[in-house]
Amino acid sequence: MALHITPEFAKMLPMLRFEPTPRRIRALVGSDAVVDSTNAFLVYEPRRVTPVFAVPPEDISAGLVPAETEDDPLAMVPPGALMDPRYPFSAHTADGQALDIVAGSQVLAGAGFRPSDADLANHVVLDFFAFDSWFEEDNEIKGHPRDPFHRVDARDSSRAVRMHLNGELLAETRQPLFVYETMLPPRTYFPRSDVDWDLLSPSDTQTVCPYKGTASYWSVTDDPAGTDLAWSYESVLPDSGQLKDRVSFFDERVETYVDGARQEIDSIFRF
């Protein structure tokens with residue numbers, strides 16, 4: 001019997017997973033490198049869809065002290081929910097010991113975690129957001145560590161695409177850029193000239209993607225359903241240069257038509 005890979009991948013999500021990385025990994029507090037390792041792991045706690053770094057304790061130039069925990073952050077996570085970086089590092093879904101990282105006069109409370117699992121016993125899992133900056137080799141990474149099993153593929157197309165919100169046309173093009181990203185529905189990126197800017201107003205929202213860059217957002221004016229509906233990567237990373245000056249929308253929140261056919265947005269991962 002042939003194996004459908006995506007459902008099998010989804011079956012691993014409740015498990016504690018890890019993957020060694022050959023890259024030199026560093027984390028800074030201010031200008032000081034507190035973490036410097038060539039023996040790092042990428043670790044995914046159960047139900048987590050993005051990894052964090054774990055390094056041997058000897059690669060951390062700071063004290064590791066058992067953390068005092070009062071509240072249970074995991075109690076705030078809906079049962080069975082898949083967890084992306086919006087959920088705090090402290091909401092651990094694996095057994096282990098939470099650690100404070102003491103770097104000089106600074107205490108990074110709960111920024112470390114020592115899993116009980118035997119395969120990870122010699123590594124300390126680290127809170128990406130507790131540090132000021134991270135580097136793979138000499139390149140800074142933002143948002144979260146890059147997943148080696150994650151792809152972002154951008155493809156030019158000549159298909160006709162249009163998007164509506166509550167029946168109102170937002171964008172229409174014959175020059176779409178389709179972006180296929182692991183775990184997400186396909187996205188259409190429109191040329192700016194094919195977007196109706198009279199319907200959009202700038203938002204204060206910005207997000208960072210470790211694969212694509214920093215995005216700014218727009219909302220559909222006077223429509224609560226249109227809040228932060230569209231975005232554009234004003235600052236793109238080298239691997240995603242095709243996205244520059246393109247605008248995309250959340251397909252699952254609008255009506256999307258490709259060559260006249262209404263699209264059903266389907267993904268096993270819903271955030």
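Two strands count as paired if DSSP finds at least two bridges between them; strands are DSSP runs (E, at least two residues), numbered from the N terminus. This is a predicted model, in which local features need pLDDT of at least 70, side-chain atom pairs count only at pLDDT 80 or more, and totals for chains, interfaces and linings use all residues. Residues are numbered from 1 along each chain as its sequence is written, and side-chain values use heavy atoms, with hydrogens and water left out.

**View 1. Open sheet of 7 strands.** The strand order is β12-β15-β16-β20-β19-β18-β17, with antiparallel pairing. At the edges lie β12 (152-156) and β17 (200-209), each of which pairs on one side only. Neighbouring strands are turned by 30 degrees against each other on average, direction ignored; the axes behind this angle are lines fitted to C-alpha atoms, and angles run from 0 to 180 degrees between N-to-C directions.

**View 2. Pairing of β19 with β20.** Strands β19 (residues 230-236) and β20 (residues 246-249) run antiparallel and are joined by 2 bridges. A230 stands opposite F249 in β20.

**View 3. Hairpin of β13 and β14.** The two strands of the hairpin have 2 residues between them, and N166 in the turn has a positive phi of about 50 degrees. Antiparallel pairing of β13 with β14 (residues 168-173) comprises 5 bridges. L165 stands opposite E168 in β14.

**View 4. Strand β13 and its pairing with β21.** Of the 5 residues of β13 (residues 161-165), 4 are buried, so the strand is largely enclosed by the rest of the structure. Buried means under 20% relative accessible area (1.4 Å probe, protein chains only). β21 (residues 255-258) runs antiparallel to β13, with 4 bridges joining them. T256 in β21 is the bridge partner of M163.

Key
Buried means under 20% relative accessible area, exposed over 50%, partly exposed in between (1.4 Å probe, protein chains only).
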